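Notebook open, model loaded. I want to jot down what I looked up, chain by chain and then across the contacts.

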Amino acid sequence: MKAPIAWLFIGAFIAVSATFLVAPTVMLAIQAFSDDDGWTFQYLLDLQQYRYWVAFQHSLQLSVASATVGVVAGALIAFAMLKSATPRWLNQAVTSFSAVAANFAGVPLAFAFVSTIGSLGLLTNLLKRAGIDLYGMGFSLFSITGLTVVYSYFQIPLMVIVITPAIQALRPAWREAAENLGASGGEYWRHVGLPVLAPSLLAGWILLFGSAFSAYATAYALTSGNIGLVTTEIANVLSGNVASEPQIGAALSVGMIVVMVAVLGLSTWLTKRASRWVKQV
Amino acid sequence: MATVTVEQVRKSFAGREVLAKLDLVMSEGELVCLLGPSGCGKTTLLRIIAGFISPDAGSVVVAGTNVTHLSPRARRMGMVFQSYSLFPNMTAVENVKFGPRVAGRPKAEQDSRAKELLDLVGLSQHGSKYPHQLSGGQQQRVALARALAVQPQVLLLDEPLSALDAKVRVQLRDEIRRIQRETGVTTVLVTHDQEEALSISDRVAVMNAGRLLQVASPAAIYRDPADGFVARFIGAGAVLPGMAEGQTVRMGALVLPAWAAANHANGAKVELLLRPEVVTFSALDGDVPPGGVAGEVRESVFLGALTRLRMSVAAVPELSIWSDLPSEEAEALKIGRRVVASWDPARPRVVAA
Amino acid sequence: MSDRLGFGGWMILTLAFVFFSVPLGMSAAFSFWEGGDRYGFAAYRWLAASPDLGNALWLSVQLALATVVSLVVLLVPAMIFMNLYAPKLRPLFEFIAALPFVIPAIALVAGLTELFSGEQWGWLKETPFFLVIPYFFLALPYVYRALDVGLQSIDLTTLTEAGQSLGADMRQIIGLVVLPSLRSALVGSMLLTLAVVVGEFTFANVLLFRTYAVFINQIGQHEATAAAALSFASFLATWAAMLIVLIAGSRKKGER
């Protein structure tokens, strides 16, 4: 081969990925299925314990809810922002803000929301004076619903960022052609706009699902691990906060990976169905 | 099928006037080309007719009905866009069916209509392909079928051939003309390509800077342009500025014979139009004969039976005059040869400058 | 169906503005609170006097730079060479780049902890630069995507052949032709990496290193206003970083 140095670099990258990404994952799998006496399914069965079962439920609910809110709101905002008559400064403001807010997480984000709609937050008090008692109505910032609201703060901007190129790729001529052929705005969206956007919306949803599912910092900061999510449970095991065996952490991790692979598989299948018309490269 | 009347239409964008009180009347089944350089307002006019832009003043009347304030979807006009306007998520057949489908036509009618139109544009074999599987020319054929599927009163074509390569462009141009004749639909085509406009239209409307300069048959536009702009924009040849003086046009020391100059007042600023087929070059060795213009051959382009020669005028070297000569005659007139240009004074046109 | 921003559009943008500005404004307001109804810069003064902030931030910046260096050394050349010499390996690269998305950060921490659990690995787990390993994979999907788009948009093979026909060797081609055309993709994704690593909490917290994000979390427990001040300040700082990305990107476009 003309460039042995090329193979050195390619080999190094693959080796590093194998050592520090693949090997740890394989280790997890081995750990999850073995104890001192050999192979066992015990730890996997342990996941059926109420505590872990609930953690998975919470994580899934939170991820599905915040991804869905993010996709819908993010797409609407991106669409409004990208209308050609929208002022340019507004467009730039939304774009740059999205880039920041999509990476806003953890304590800073938790604080922002505690001081707004925490039990003593400003908005909570304002609403109370207006006769709406948020907490009396059963809302709590430290619940899955509350977490969904908080997660939306980074999920929506993330969606704005990932969907923008797809919306920009919608050609004005499609809309005009549809209109010219007698279609209403709704008919255009039903027959052309949404089907064309569908693969990107799906991809966006998956990205948001993954981002919420693996998020840890915000939930940790907000609830100090009191609401069981899979990520906080794993962290508890790792840091020795709870008296459980390390294998449980591994089993939980493997569970997360299985969920992610399943969701990704489902989305790939759906995307294939939704994008039969897309040029295959 | 319908007549189309555009009356006193005006439009400005951000204070800049794009269309200035424009009138255009089209009869039933006519194909009119809006021709002009980019930015002349031709696309704006087409989009006003389609209803995508509303005029600041004036009206658009189709078959006796004022449609100025109707939405595009209520106008029953088929439109073909520059390129890539097919819905990418639908096959060719589905694209063609789209209009009848949103109009709620029965399924059987949608199918038969789509089949009929794909046949008409010669694509019945490709109905189940997606747009990205079709060539540019095929896509534009589908777009044409789709526009016709709503049985439009008026067909609007917005530079439909500009994104295609030369050979496909000519093929599809002839095809559009055939289909337009067969269906008899009143058609407006926007183009900046004069050859396309001249070859396809019943009438050509030449536009510049938001105004209609001339609306006439291709032959009339070519033979008898209304002004210097039209003369320069359409066809080849020299447009020479000068002053009317009896039956001649005077340019400084040069006196060029043109009987048509007599239609203008003595001393009026005019432009003399010399098409290449009007002018003859002959070798010049002695004195310049009366009515001739001396010069030197600068360029020779072989066109087959004819060769187009360009000479620069000896008295005013930056002026050029062209002549189409039979190729065997032109062969003797090499580049650098002193020649004299002459013409039948009855033939050149003279327009007010 | 005009392209105007109608009533609905303004509604959406207004609601979004309220949702996104109120929490941010609240933490800004809170950061100026000095108890009772006194407001001032006490929290900011406290932060400025805190030596721990500087240490934590410096650690995070070092980690971020180390991550960027590791990406430039390990990922960038490997991707260029793969595209040039071994396009058959593309599916493998794609797979590797997608893995960090499927393996949540916390699971990767668990795996790394398990893999390096033995005594002989103590030295590795004691240095904070251990974090560069997970950070590399945290940034991998984004950087890979950006570079891939950049590499696809230039015809690498033709560029290389053109360079070779002009007598350039491989090093000159990569240095003079390939890297400059990847500039905007590189700059953008590296700035993003910096921002992401400085804000990263999961790995550092679980592995017990006191980085910037961990520091904010710790002071949040007893110096709440200082935490709010720091949050607000870091939001503005990230915004500045993102603006640099945007401006760099648009200037690059303007050049063409």
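I started with the surface of chain B: the accessible area is about 15200 Å², and 50% of that belongs to carbon and sulfur atoms. Such areas come from the Shrake-Rupley method with a 1.4 Å probe, and for residues only the protein chains shown count as cover.

Ground rules, before I forget: this is a predicted model, where local features need pLDDT of at least 70 and side-chain atom pairs pLDDT 80 or more, while totals for chains, interfaces and linings use all residues. Residues are numbered from 1 along each chain as its sequence is written, chains are lettered from A and ligands numbered from 1 in written order, and side-chain values use heavy atoms, leaving out hydrogens and water.

Next I checked burial: of the 353 residues in chain B, 51% are buried, meaning under 20% relative accessible area (1.4 Å probe, protein chains only). The C-alpha atoms of chain B fill a box of roughly 80 × 45 × 35 Å along the principal axes.

Then I went to the contacts (heavy atoms within 4.5 Å). Which chains make the most of them? Of the 2 pairs of chains that touch, A and C have the most contacts. I noted 70 residues from chain C and 74 residues from chain A in that contact. Chains B and C share no contact, and their closest C-alpha atoms are 8 Å apart.

Last, I looked for salt bridges between chain C and chain A and got 0; the rule wants a side-chain nitrogen of Lys or Arg within 4 Å of a carboxyl oxygen of Asp or Glu.

Conventions
Buried means under 20% relative accessible area, exposed over 50%, partly exposed in between (1.4 Å probe, protein chains only).
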